[in-house]
Amino acid sequence: MWSFFARDPTKDFPFEIGEVVWNDLDRGRSLWSIHKGKKKSSGDEVSVFSFDAKTGAQLFELAKGAMKRFKTLRHPYILPYFDGFESDKGVFFATESVEPLESHLSKLSLSGQQKSLYLSWGIYQIARVLNFLINDCNLRHNNICMSSIYVNSAGEWKLGGLEYVSSVEEGPKLPQKMLSGLDRYNPPEYSDHSKQRFITKFSSDMWGFGCLIWEAFNGPLPQSSSLRSIEKIPKALIPAYNEMTGQSPANRPNPAEVISRLRRNGSYFCNNLVDALLFLEEIQIKEKNEKNKFFASLSDQLDAFPESICRHKILPQLITAFEYGDAGSPVLAPLFKLGALLPEAEYQKKIVPCVVKLFSSNDRATRIRLLQQLELFISHLQPSTVNDQIFPQLANGFMDTNPTIREQTVKSFLHLAPKLNYNNLNVEVLRHFARLQAKDDQGGIRTNTTVCLGKIAHHLHPQIRQKVLVSAFVRAMRDPFPPARNAGILALAATQQYFLLQEVAARILPALCQLTSDPEKSVRDNAFRTIKGFLGKLEKVSEDPSLKESMEADVNTATANSANSSATWTGWAVSAVTSKFYRSSTEKAANSKAAPKIGSDQYSSGTPSTGTSSINSSIDKEDVKVTDSTSDYEENWEGEGENWGDMDSSPAKSKSAVVPDNVGAGNEGWDTEDWGAIEDIPEESTPTVSRREMNWNVAPEYSSTAKPASSHHPGSSNIDFIGGNFGVTQRTETKTHSDWDDAGWEPLDDASQDNKMDEAKRMREEKRLQRQKELEAKRANRTGGAMKLGSKKAYD
């Protein structure tokens, strides 16, 4: 009756028992067969050790005794016991997922320094656990060999084979092993009774430890005499190895002595891997300055460490140290470097929560390091995480009082832009960019704001892009800081595909022409090159109007084709610059405005993102309509000098210039521009003449050999962050100049000419004042909001 009600212990076992993956019983080296297993509740992988009762009664008793030892002995380097049961069929118990050391080493792909470090760490672990058993627990293992060592996913060596464990108090008697495959590991005193009186509590285990060291470098031990072959054993380990495998048990060292001796400087256990892993085990009791020094050096050492140890051993301890300790910002560099080793699912589970938590930190050092490491983890962040949890915290950096925080925040959007939704990118980010470009007291930050805007231009919504780019870059071209002016020029060149040809002629070229007389030669050089490029584009369309559509193809596209844009006329526009320009320009700019030091670290050079923009997919059709988004955008950019088109708040003041409503619709309104006094040719009195009548004789070699602007300096456009410098690679150009001295100017009568000039000047002044009054009246009646394209815009 009782057997009827008895429950099957297999059903109560919380682990599924799968197929056999290793069986050492057939070779007479171990009692156990190893099965794949899973935890029923979570699906986590485990290993299930089983012993079949049919093998024999004596071995069955050994197996049951071994399971009891596993239950009671706990140590980081002893095979951990999860659960188990005994039945008439045999003994079963579950541990963490492991594989036998023999199988592990046969598949080990490490070589060179990595393999050497890995084996030293494994041997060190066994020395530690032997020291624990012998000196702390007064126990002998009596079965140290390759068959009793198992390796987990983190590359840690775990001690098993507890069938023959005995107490030191039982005396020097050696156990009788019933497996023939273990006879080769018996020490000399096992068969030589005269030596048994010299047996110590650690002599038999240290002999086995010597056998294990030999097998780690040579493979399974075929016979005891093979221990004399030491060619493959590291020289630093040979003295200790020879003592362990000595014939006299009295001369074998204590494991504590072996550890102490081999941990000295230059010894076998003294290396970066062992040092790092031991430090992480004791990190909670380390001083803060010790932790900072350790983490600062860890990143460079990780490349020499085995990947399994980095991923499963070091990384979890770094996460724990950050979340529950005071590791601080220095831990971020190795943390993100190791995070790259994780598969995507694990990364989302382990690293992303840490990243989100980090962005909410108030520690400036943490925020700076986080922004500097952004490119290492941004690809793993989902757009929803970036927009909902990270962007609100990151946007606070735009208003931080620390210039380095502001600068790193600006540069971070080069990586974040593809993942931002419409509102965050086209409204919030641009609002902060406008304020920084106009009001920030750091010239480098104003410069990098312009650079970043140029680099993320292809991610912006086309309508927003048309409203912002020209005004932003023209503003930068009026900055007193020379690199900022350079950034504006180069950004115009790099984003030329987004400008209408009418806008090029009416707004961009006039602004560029003002910089042809800039005090800084590099600015002048870049201005001339860019002007030539834009003029070449306009000239092509003038000669073949059918090209206009292809020239403006990217204006209304959400993302420009990077391959196409690199082949366009701006291929010559920009390249890297030397540090000389930045130093000289900074010194010259110091007279007009102080150029404060921009952080202590170098500004990194970036490259434009070439990935496909996610703007279209990220815009919710219900939330974003063309009219609504435009009005919201205009309201956010209104007032206090934050409009890209207004230069009132800019430190650089220029002469008053007005762009009328009908720009490009004829000559009306152009007389209000302060082009300077043209005393030689009165505007009103001089009759209209054609180019041929004016006899502007171009040098013959120009017309015959000059190439279009698009053909000068082929290459890909690339705006660089300052810190670094701005400029273009200088190239020698020949036969491209116009012979202005050959122009056939007719001499004018001095008296009549003076009268005509005075009259023309008076009429121009009257007309300018009248037009200015009309514009001021219109501005007074104008409602608030951002400037519309084509609207009249004043530059003070």
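Contact here means heavy atoms within 4.5 Å. With that in hand, take the contacts in the protein chain between residues at least 6 apart in sequence: 72% of them join residues at least 24 apart. This is a predicted model, so local features need pLDDT of at least 70 and side-chain atom pairs count only at pLDDT 80 or more, while totals for chains, interfaces and linings use all residues. Residues are numbered from 1 along each chain as its sequence is written, and side-chain values use heavy atoms, with hydrogens and water left out.

Now for the inventory. The protein chain holds 32 helices and 12 strands; these are DSSP runs numbered from the N terminus, with helices being H or I of at least four residues and strands E of at least two. Of its 796 residues, 51% count as buried, where buried means under 20% relative accessible area, exposed over 50% and partly exposed in between (1.4 Å probe, protein chains only).

Zoom in on strand 3 (residues 45-52) and strand 5 (residues 90-96), and you find an antiparallel pairing over 7 bridges. Look for S47 there: its bridge partner in strand 5 is T95.

Next, a helix pair. Helix 14 (residues 352-359) packs against helix 17 (residues 383-394) at an angle of about 30°, with the axes 8 Å apart. The two are therefore roughly parallel; that label covers angles under 35 degrees, with over 145 being roughly antiparallel, 65 to 115 roughly perpendicular and the rest oblique. From helix 14 come V352, V355, V356 and F359, which meet T385, Q389, I390, Q393 and L394 of helix 17. The residues of this contact divide into 6 nonpolar, 3 polar and no charged. Here Ala, Val, Leu, Ile, Met, Phe, Trp, Tyr, Cys and Pro count as nonpolar, Asp, Glu, Lys and Arg as charged, and the others, Gly among them, as polar.

Finally, the charges. A salt bridge is a side-chain nitrogen of Lys or Arg within 4 Å of a carboxyl oxygen of Asp or Glu, and the count comes to 27. One of them joins D440 to R406, with the closest N and O atoms 2.8 Å apart. D440 sits in the loop between helix 19 (422-439) and helix 20 (443-455) and R406 in helix 18 (residues 403-416), so the pair ties together parts 34 residues apart in sequence. D440 is buried at 7% relative accessible area, and R406 is buried at 8%.

E156 has two partners to look at. K158 forms a salt bridge with E156 at 3.7 Å between the closest N and O atoms, and K313 meets E156 at 2.6 Å, N to O. E156 lies in the loop between strand 8 (149-152) and strand 9 (157-159), while K313 is in helix 11 (residues 307-324), 157 residues apart. The relative accessibility is 9% for E156, and K313 counts as buried at 11%.

Conventions:
Axes fitted to C-alpha atoms, helices over the stretch in contact; angles between N-to-C directions. Pairing = 2+ DSSP bridges.
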